[in-house]
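Colleague: I would like to learn how to read a sheet and its surroundings in a model. Can we go through one together?

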Amino acid sequence: MTPSLPDALVPIALKLLRANRTFITADGAMRRIRERELRPASYGPPARLGRGIRVDVEHVDGWPVYTIRPKAARGGLVYVHGGGWVNEIASQHWHLAARLASEASLVVTLPIYPLVPFGTALEALEGVRALVHRSHDYFGPTSLAGDSAGGQIALSTALALRDEGVVLPHTVLISPALDLSWSNPRIPEVQPTDPWLGTPGGKVLSESWRGDLELSDPTVSPLFGDLTGLGPITVFTGTRDVLNPDAHVLAKIAGNANVPFQLYEAPNQVHVYPLIPTRAGRDAQSKFVEILRSAW
């Protein structure tokens, strides 16, 4: 088992590592876009992801698409990684996906979708939507999940699928980006406690990601969509995350739309804390597995 980090040290470590340098200023975001344009990051899985699973890759409509398969599966999950729409899938995403595959007995599909400055919200939605249909055809009932920017893509895709008459067994979101206008009045209250994200850089990335669509389009900002008719939604969020206020707005909107909704809010936890090897992160992952086991 990977050694556990003390929860209290995570914000300190993130500050020392200047984890917020992409988000805290507009220039930082533009530099990051340029870096990724010049030097794309590797997206391949770690050499070892655990016993009893198989990793495959193929190209689907131009995207590298990985599947993580347990020995016996009873359905599928499409997991959309985060990274501010500019950063590639990381080892934490791979290890979470492997755990979900193994412990929830699901075939997990991991798309390597085009990032800023090459990809857009609409392109990502269309690709992920097609992969959900594909997973359902190949592996059975399929849920959707994603973290941060991937949470935005996942929920926007769930809305588009609902419009087709497809209701997902479950949509699980980790610290999702929900309103790319970054206009929630509570964000400035949370910002001083957040060692990772920030509005100035976030707005730069959002402007690139939206493509030709308005920021208020649900394809870009799912918080503006009508949630009526969606299947169950679960959100994990920490209070030291500028995206946390929008998670509460989503909870209210879901309640008004009679959508089954569960909000797991972790005090003093940072952005995407379930991906961090702490006690709180591991507890959240265990809950994630439990949710998917009971999805159907």
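This is a predicted model: local features need pLDDT of at least 70, side-chain atom pairs count only at pLDDT 80 or more; totals for chains, interfaces and linings use all residues.

Colleague: What is the order of the strands in the open sheet?

Modeller: Strands of a sheet pair through backbone hydrogen bonds, either parallel or antiparallel. Here the open sheet has eight strands in the order S1-S2-S4-S3-S5-S6-S7-S8, and its pairing is mixed. S1 and strand S8 (261-270) are the edge strands, each pairing on one side only. From one strand to the next, the twist averages 20°.

Colleague: In which sense do S1 and S2 pair, and over how many bridges?

Modeller: Strand S1 (residues 53-60) and S2 are antiparallel, with eight bridges. One of the pairings sets His59 against Pro64 in S2. The hairpin of S1 and S2 has two residues between the strands, and Asp61 takes a positive phi near 50° there.

Colleague: How many bridges join S2 to strand S4?

Modeller: Four bridges link S2 to S4 (residues 107-111), and the two run antiparallel. Tyr66 is opposite Leu110 in S4. S4 also pairs with strand S3 (residues 76-80), this time in the parallel sense over three bridges.

Colleague: Is strand S2 mostly covered or mostly open?

Modeller: Strand S2 (residues 63-70) is mostly covered, with seven of its eight residues buried. Tyr66 is buried, at a relative accessible area of 10%, because the cut-off for buried is under 20%.

Colleague: Which aromatic pair does Tyr66 form with Tyr43, stacked or edge-to-face?

Modeller: The structure holds seven aromatic pairs. Tyr43 and Tyr66 make an edge-to-face pair, 6.4 Å centre to centre with 70° between the planes. Tyr43 lies in the loop between helix H2 (26-38) and S1, while Tyr66 is in strand S2, so the pair ties together parts that are 23 residues apart in sequence. Tyr43 is partly exposed, with a relative accessible area of 29%. Ring pairs join Tyr43, Tyr66 and Trp94 into a cluster.

Colleague: Which residues form the nonpolar patch on the surface?

Modeller: Leu9, Ile12 and Leu16 form that patch, with about 330 Å² of accessible area together. Leu9 belongs to helix H1 (residues 9-16). Leu9 has a relative accessible area of 46%, which makes Leu9 partly exposed.

Technical notes
Residues are numbered from 1 along each chain as its sequence is written. Side-chain values use heavy atoms; hydrogens and water are left out. Patches are made of residues with over 30% relative accessible area and no salt bridge: like charges are joined within 9 Å, nonpolar side chains (Val, Leu, Ile, Met, Phe, Trp, Tyr) within 5 Å. Accessible areas come from the Shrake-Rupley method with a 1.4 Å probe; for residues, only the protein chains shown count as cover. A salt bridge is a side-chain nitrogen of Lys or Arg within 4 Å of a carboxyl oxygen of Asp or Glu. Buried means under 20% relative accessible area, exposed over 50%, partly exposed in between (1.4 Å probe, protein chains only). Two strands pair if DSSP finds at least two bridges between them. Rings of Phe, Tyr and Trp (its six-membered ring) pair if their centres lie within 6.5 Å; planes under 30 degrees apart count as stacked, over 60 as edge-to-face and the rest as tilted. Axes are lines fitted to C-alpha atoms, for helices over the stretch in contact, and angles run from 0 to 180 degrees between N-to-C directions.
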